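User: Hi! I have a structure here that I'd like to talk through with you. Could you take a look with me?
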Amino acid sequence: MERAEAHFLECGGSVTSTGLDHRTDQGDLVSTTYSQYLVGANTYSGTKIIAMGKDDSTIITTWGDSGYWDATPSLGPEYCMYQLADGRALVAHNYYKVTMINTDGTTDTTWATSGTYTMPSAGVNVNAILEDSDGNFHLFGGVASSTAYYVYVKLDSDGAYIGGLTRAQTQLRIIYGAVWASAAKTRIVAAGEGVDAFAGLLPNMVAIDPVTYSVDTAWTGNIPANPGYAQYNVGAGNSLPIYHIYRTSDGGLVLYRNTTKLLAKVLADGSALDTTWGTNGELDFSAISFPYTSGHNPTQNGDNFYVISIISDGGTPKNQFNLVDSTGTITDTFIVTNTPDGGLTTYYSVTIFNDQLLFGHAGYVELWNNDFTYVSRFAVALTNIVWWVIPDKATATYVYEDPGETQERWVITGQANLIGEEVAILADGEVLANQIVNDDGEITLYQEYEQVHWGLAYEAKLKPMKPVSQPAMMSKVSCKQTGISVHNTNGIKYGVRDENMKEINFNDVQWKNKCEIDGLFTGTVAVSVPDGFSVNLPLQITTSSPLPCTVRAMIPKID
């Protein structure tokens, strides 16, 4: 018979020791605290980011330029900021730019062009930033004019352009927010403001395939004739935008919208509202007058949300903070009255900082306890709006449950396409136990190896074909013994029934091994079963091992 080869590492890969992510675990993480936070705002003199300390909220003058990173002369707002795991931060600011900032507040001039990437379409300011499992960045923005303008751009980790989509391709003229649809990070759901009507509806949500740079039509949406799109903010003119989008632990999507039903929760596939959340999937604030603006930034805490609203208190506008729980119920509210200006200044952002809250508004950052009791406020030397405040990851301190008990491990990352799949692993020639790829697209080794191969685990089977026609006497012919000739092989089994397969011992001294590779075998071995092999019960060879397997011939010995 012809030679048959089995390949057992489909959809996997290989990596050397330098490609393994070496980590040291210190028990369960109990808490994370930060020693400073970053403030982003627009001022009349340009975009500024300020570093402030957690105890007295004084400006950290050793960070940046005397405590500031300044995008002057951009003369416009700072739109959003994404902080990497290493503490560096991507800042989107006016004139259609994003800049990488080092942990010390200086510009990382090694990234993109002298530290800054400029969007390919003038006028498109970046409103949201995502990072994928391979370290690529995904930028989202928009503009109300040309359909040829790019509203989605993908950059590599060094800030070089890879691909993108225009307003005409996404049917969103402005994208305000975007999330990964799952931990696999293989689909993006973006939300914003539509441009062209589908079936009488302007879509304000679109699913994006970040590999092919196309609309992901496998995402159902709620416009049947146009899968991949959805509309969940219908209003006058059919063009009300969605300003923020969040993913919850069950995969659902919470939307912050321009309507009195300010929040809504959508099923993971976008096909319908989640009617178990809020009132039939929506949370109605009709008794409250909201400033419908993208400048207000809710904060997600697990499946709960802090939401800022404006109410009329005896005819005077006042800020109200609302805690929305995982069921879409407002469980607590607080009207701001006990601040120096009586709570009259509009608040634009709320952030969880250690065990307290930070609020940003015009010219100030305010510190509150998490029960909504006011503590103090700090002037940030800005003359306009504080858009956001974030804890600075570069100053994080981690507390573990058992800090004395550490365990080293080596992690293979970037396996988003295999999440939930069982993989076989071959490390320096040693067959390791199969693993299930976790929700982060990772598999873990507990010692360092020089070369690791992995791929989908499955059983390969080889057996001869039955003759198309056979004399009656042939079905009675059997052989007690069959030779199996293999090349550079190990980890195979033989038998006639699946439930009774036996592993071949290639280390048996009676077999002559002509292979020059340690751990593999080249040559011929003889195998047998009690009742022999026959046309109806032929020899079959199987393997589920990630080791090489090449069967050159099966040679029956007929008496």
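Predicted model: local features only at pLDDT ≥ 70, side-chain atom pairs only at ≥ 80, totals over all residues.

User: Thanks. Over how many bridges do β2 and β39 pair, and in which sense?
Analyst: Strand β39 covers residues 451-456, and β2 pairs with β39 over four bridges in the antiparallel sense.

User: What's the order of strands in the open sheet with β2 in it?
Analyst: The order is β2-β39-β36-β37, an open sheet of four strands with antiparallel pairing. At the edges stand β2 (13-16) and β37 (430-436); each has a single partner strand, so one side of each is left without a neighbour in the sheet. On average, and with direction ignored, neighbouring strands of this sheet are turned by 20 degrees against each other.

User: OK, new topic: β29. Which strands sit in the open sheet with β29?
Analyst: That open sheet has four strands, in the order β29-β30-β31-β32, and the pairing is antiparallel. The edge strands are β29 (347-353) and β32 (374-379). Each of these has a single partner strand, so one side of each lacks a neighbour in the sheet. Here too, neighbouring strands are turned by 20 degrees against each other on average, direction ignored.

User: How many bridges hold the pairing of β29 and β30?
Analyst: Six bridges, in the antiparallel sense, with strand β30 made up of residues 356-361. As one of the facing residues, Tyr347 has His361 in β30 as its bridge partner.

User: And what is in the turn between β29 and β30?
Analyst: The two strands form a hairpin with two residues between them. Asn354 is in that turn and has a positive phi of about 55 degrees.

User: Is β29 mostly covered or mostly exposed?
Analyst: Mostly covered: six of the seven residues of β29 are buried.

User: Let's switch to aromatics. How many aromatic pairs does a search of the whole structure find?
Analyst: The search finds twelve aromatic pairs. One of them joins Tyr150 and Tyr161, whose ring centres are 6.4 Å apart and whose planes are at 85 degrees, so the pair is edge-to-face.

User: Where do Tyr150 and Tyr161 lie?
Analyst: Tyr150 is in strand β14 (residues 150-155) and Tyr161 is in strand β15 (residues 161-166), so the pair ties together parts that are eleven residues apart in sequence. Tyr150 is partly exposed, with a relative accessibility of 25%. Tyr161 is also partly exposed, at 40%.

User: How are the rings of Tyr246 and Phe305 arranged?
Analyst: Edge-to-face, because their planes are at 65 degrees; the ring centres are 5.2 Å apart. This pair links distant parts of the chain, as Tyr246 is in strand β21 (residues 242-247) and Phe305 is in strand β26 (residues 304-313), 59 residues apart.

User: Are Tyr246 and Phe305 buried or exposed?
Analyst: Tyr246 is buried, at 11% relative accessibility. Phe305 is buried as well, at 1%.

User: Which residues do ring pairs link into a cluster?
Analyst: Phe321, Phe359, Trp368 and Tyr374 are linked that way.

User: Which residue lies over the face of Tyr364?
Analyst: That's Arg377, at 4.3 Å from the ring centre.

User: Last topic, a couple of single residues. Where is Thr248 found?
Analyst: Thr248 is in the loop between β21 and β22 (253-257). Thr248 counts as buried, with 7% relative accessibility. The C-alpha atoms of Thr248 and Lys265 are separated by 9.3 Å, while the two residues are 17 residues apart along the chain.

User: And how far apart are Gln407 and Thr24, in sequence and in space?
Analyst: They are 383 residues apart in sequence and 5.6 Å apart in space, C-alpha to C-alpha. Gln407 belongs to strand β35 (residues 407-412). With a relative accessible area of 42%, Gln407 is partly exposed.

Notes. Residues numbered from 1 in each chain as written. Heavy atoms only, no water. Phe/Tyr/Trp six-rings, centres within 6.5 Å; stacked < 30°, edge-to-face > 60°. Buried < 20%, exposed > 50% of the residue type's maximum accessible area, 1.4 Å probe, protein only. Lys NZ or Arg CZ within 6 Å of the ring centre and 35° of its normal. Pairing = 2+ DSSP bridges. Axes fitted to C-alpha atoms, helices over the stretch in contact; angles between N-to-C directions.
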